[in-house]
Amino acid sequence: MANKDTGFDRRFQNLTARYNYIYNANVLLSEYNEGLLQSYTDNYEKFLPVYLDPEPQVNLVLTSGAPNKQLDEVISKGQYIINEKSFSNYIDDAYMLLGKANYLKGNYFIASEYFDYTARTYKTNLKTFIMAMNWKARSQMELNNMVFADKIIDTMLRASDELKKDLAEPLATAAQMRIYQKRYKEAMLLLQSAIRLADEKQLRIRWQYILAQLQENDNDLQNAFINYTKVENSNAPFEMYFHANLQRIKLRALISGYKVNEEKALLALLKDDKNFDYTDQIYYQVGELFAKENNFVKAQENYKKSVEKSARNQNQKALSYLRIADLNFKEFKNYVKAKLYYDSTVAILPRNFQDYDNIVKKAENLQYLTDRFTIIAKEDTAQIIARLPEGERTARVKSYLTPKVEVTDISGTGSQSINNPSFPNQTLNPSTPSAGSTFYFNNNAAISSGFADFKKRWGNRQLEDNWRQSQRSSAQENNQVMSGGKVANTIIPANGTDAQSTDGQTSLEKQYLDGLPVTPALLAASDQKIIDAYFEIASFYQQELNDKEEANKTYQELLRRYPNNNHLVAIFYSLYLNYRGVDQNKSNEYRQMVLTRFPESSFAKTILDPSYSAKQSQMENMAINNYNLTFDAYAKKDYPSVIKQAGENISAFPDNDFAPQYAYLKAIAIGRTSKVDALLTEFNHITSTYPNDMIITPLVRDHLKYIEANMEEFKQRPVALIDFDSNEPRFVNQAPAIAPAKPLVAENKLAEAEKAAEPVAKPVEKIAEVKPLDPVKPASVFSAAKSDEYYYVIDVADATFTLSSSRFGIGQFNRGNYPDNDLAHKLIELDNDQLIYVTSFIDLDDARLYESSITGQLKNIMKVPANLYKGFIISKENFEKLNSRARINEYLDFLKGNFK
């Protein structure tokens, strides 16, 4: 029957709308909120939210909301009133019901639209207007539109001056916004008013607890104690009651000054059976007490007990792990142990934890230290066994390589589960490389953890020198053989991870025995691994962690064990810098060592001449320009000019880094104009003159192998290297022909000299720059907007290179040329790239000045082939979007049209 606008119809619709629909809908909402109260999990380590709402969305995700019978029925009732009770006085209530139900389902955008419509349509009804604005503000806060929500709240509060009641929730919503804004004093005033006006008991208790948290944070301990006591004496949920009791005990001790009583009071809670499920939190609070007293050993003991007792509360376990990790990182300076605890923290910590990303970064950075301490322990172990009489070695190796059925730690607990707080501690002690607790194969937890991590990332790849590279040069293969090859570096963990047959186990033992450093050459190779590991650890302490004291200890330990190692000048220079301003006598001592023992080093020249870097930049630029001229002649096939210019540059600068590349250009030019004997002479000259060159020499050795295998065919040629023809045999079987290209220098030209390629008239990179026209260019994800922070980035387009020496060079450059700028450099790894980024510059001009000063030094600083890296400036906001090689290329294209 159609609705009619008559007095009877209005009264009838009001009656049925109010009691059949509005009342029942509110009952459903109350039941839903009661269920939410029972299931909602609070994190008492943070300020509790004013309402039982999820945290604001970081990224907006529009969904239809999870199905819920109660809320869906509320929506149906609201829609029915709007459609069938259009003459009643409850249309505004119906729209509010629709908004609330959608809000509770997580449809915040839809909810906000309902509340907005209600506020605009019924703005003359002050109560409805304020309630609608209150819920609209809550919806916008959940959508993380804090600025917009704040404006809504301001409008609501101005209008509320005329409303005498029903103000508790609007005031509480305003308090929540002030908490988000960290305007805590205003939040406390708003909560005090909301508590006084609140009708709903559970909300009033909740707000009382939040007020106490805010007062404690503001160091108003007396009032915080009073409010915690009120919560404890109220009908609060047990978990809130428990935490109020904990906080009250802590505050009573702080107010009275009797800290011992606080410990006893907290531990007394353990005797109450009702607190059995909160034992982990009690020990955690005791640990917090000792940490505040700077009794870090006792603090760690109680945090460990908290971990042991934490069976169900993963958040509490994660927090206890985090506290132990922070103690080891900041107080005990045990970075290896800290890394393991950070790993445990990250494994169970919720991703929405406010400091989650920083914890992950700490764990990733500290892996660098763990890897190198493991190298030291492994090599020390091998040397210890090698020093045993030959008859004892086999038994010793067999003992440590035999799979263990049961692992027992030194404390005798025998527990290796995640609930055991000692589990992360089952690792080597880096300070004393001797047998016993540091003996690598005694440390099954470390072996198991490392082996599992390795397999997860790299699969079943052999542990050997240059193991990251799936293909290696002959020089690398030779070096591997000289250092014992796979035998010396392949170690299978003795923890039962991989089942081995008896034959396989015997073979493994034989391989390990054969690879022991029992000869002077193998011992020297093992010693060098230890030296490099110590050096890289010290560099990491110094540059990444800014822990100069620990860096100095490591440098000194390296000097004690290996006083004549190959890093002496860099060590002396680092100690000179680290002691400067701290112990000037020691600083001067190491300064003098650099000047007297290594007078021709770049470190000595930098000490004596502050402008040395600038002069070197000029010489480097001149060398680059000369090389470019020679290469241009090669590209034009002006081979006589190439031979002449290359010879002149090699004679003028025989020690220049470009000398092997000049020699290669000269050899190829001779090969284009002479018979094979002349080419062989030049190639042999390169291998003998530059035996340690890692760019040209390995390639030339491959060329020589190919020529030797095809000597008869080469002798028949009028010139050794003819232009490539598809019908002719190729120069090397891996590629069409030889076409050296420019390294990445001042003009950032791509170097492909190491790889054979088809000859072209112009450098390869010019061809690569030719792109098809794109009539519809999509908008870039990057922004040219001005930023408050810029980075200088060096992108190394190869994830297999180890960048420790390169990063050390950057650190030395920064400290020598920018001692007062507090520059730092960091590393992140992508799938195929590694990004070293220098932070931070306050504006683009500042970053450009830095770029201009470091660009000329990169060839000496970066210890990887020049064609594999590129430097550029980027804003902090754009840097956060670099997540792949494709995105890096996209940014470089973007850079050309915006900042150059």
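In the predicted model, helix α10 passes helix α11 in a left-handed crossing. The two helices, α10 at residues 221-232 and α11 at residues 238-256, pack with their axes 8 Å apart and at an angle of about 150°. Angles over 145 degrees count as roughly antiparallel, and α10 and α11 are therefore roughly antiparallel to each other. On the α10 side, the contact is made by Leu221, Gln222, Ala224, Phe225, Tyr228, Thr229, Val231 and Glu232. On the α11 side, the contributing residues are Met240, Tyr241, Ala244, Asn245, Gln247, Arg248, Leu251, Arg252, Leu254 and Ile255. By class, the residues of this contact between α10 and α11 comprise 11 nonpolar, four polar and three charged.

A further helix pair is formed by α13 (residues 279-292) and α14 (residues 296-309), whose axes come within 8 Å and cross at roughly 170°. This angle makes α13 roughly antiparallel to α14. Helix α13 contributes Thr279, Asp280, Tyr283, Tyr284, Val286, Gly287, Glu288, Phe290 and Ala291 to the contact. From α14 come Phe296, Lys298, Ala299, Asn302, Tyr303, Lys305, Ser306 and Lys309. The contact of α13 with α14 holds eight nonpolar, four polar and five charged residues.

The loop between α13 and α14 contains Asn294. Phi of Asn294 is positive, near 65°, in a residue other than glycine. Asn294 counts as exposed because its relative accessibility is 56%, the cut-off for exposed being over 50%. A positive phi, of about 65°, is also found in Asn144, which is not a glycine. Asn144 belongs to the loop between α5 (126-142) and α6 (146-160). With a relative accessible area of 35%, Asn144 is partly exposed.

Ser112 provides an example of a buried residue, its relative accessibility being 3%. Ser112 is part of helix α4, which covers residues 108-121. When neighbours within four places in sequence are left aside, the residues in contact with Ser112 are Lys136, Ser139 and Gln140.

The strands form an open sheet of four, in the order β2-β3-β1-β4 and with antiparallel pairing. Strands of a sheet pair through backbone hydrogen bonds, either parallel or antiparallel. At the edges lie β2 (824-829) and β4, each of which pairs on one side only. From one strand to the next, the twist averages 25°.

Strand β1 (residues 790-796) pairs with β4 in the antiparallel sense over seven bridges. Within this pairing, Tyr791 stands opposite Ile874 in β4, and Asp795 has Lys870 of β4 as its bridge partner. Strand β4 (residues 869-875) is mostly covered, with six of its seven residues buried. Strand β3 spans residues 834-841 and includes Ser840. Ser840 is joined to Thr839 by a cis peptide bond, with omega about -10°.

Over the whole protein chain, there are 39 helices and four strands. The chain has 900 residues, of which 49% count as buried. Among contacts in the chain with a separation of 6 or more, 64% are between residues 24 or more positions apart.

Conventions: Residues numbered from 1 in each chain as written. Predicted model: local features only at pLDDT ≥ 70, side-chain atom pairs only at ≥ 80, totals over all residues. Heavy atoms only, no water. Axes fitted to C-alpha atoms, helices over the stretch in contact; angles between N-to-C directions. Parallel < 35°, antiparallel > 145°, perpendicular 65-115°, else oblique. Left-handed = near helix turned anticlockwise from the far one by under 90°. Contact = heavy atoms within 4.5 Å. Nonpolar A, V, L, I, M, F, W, Y, C, P; charged D, E, K, R; others polar. Buried < 20%, exposed > 50% of the residue type's maximum accessible area, 1.4 Å probe, protein only. Pairing = 2+ DSSP bridges.
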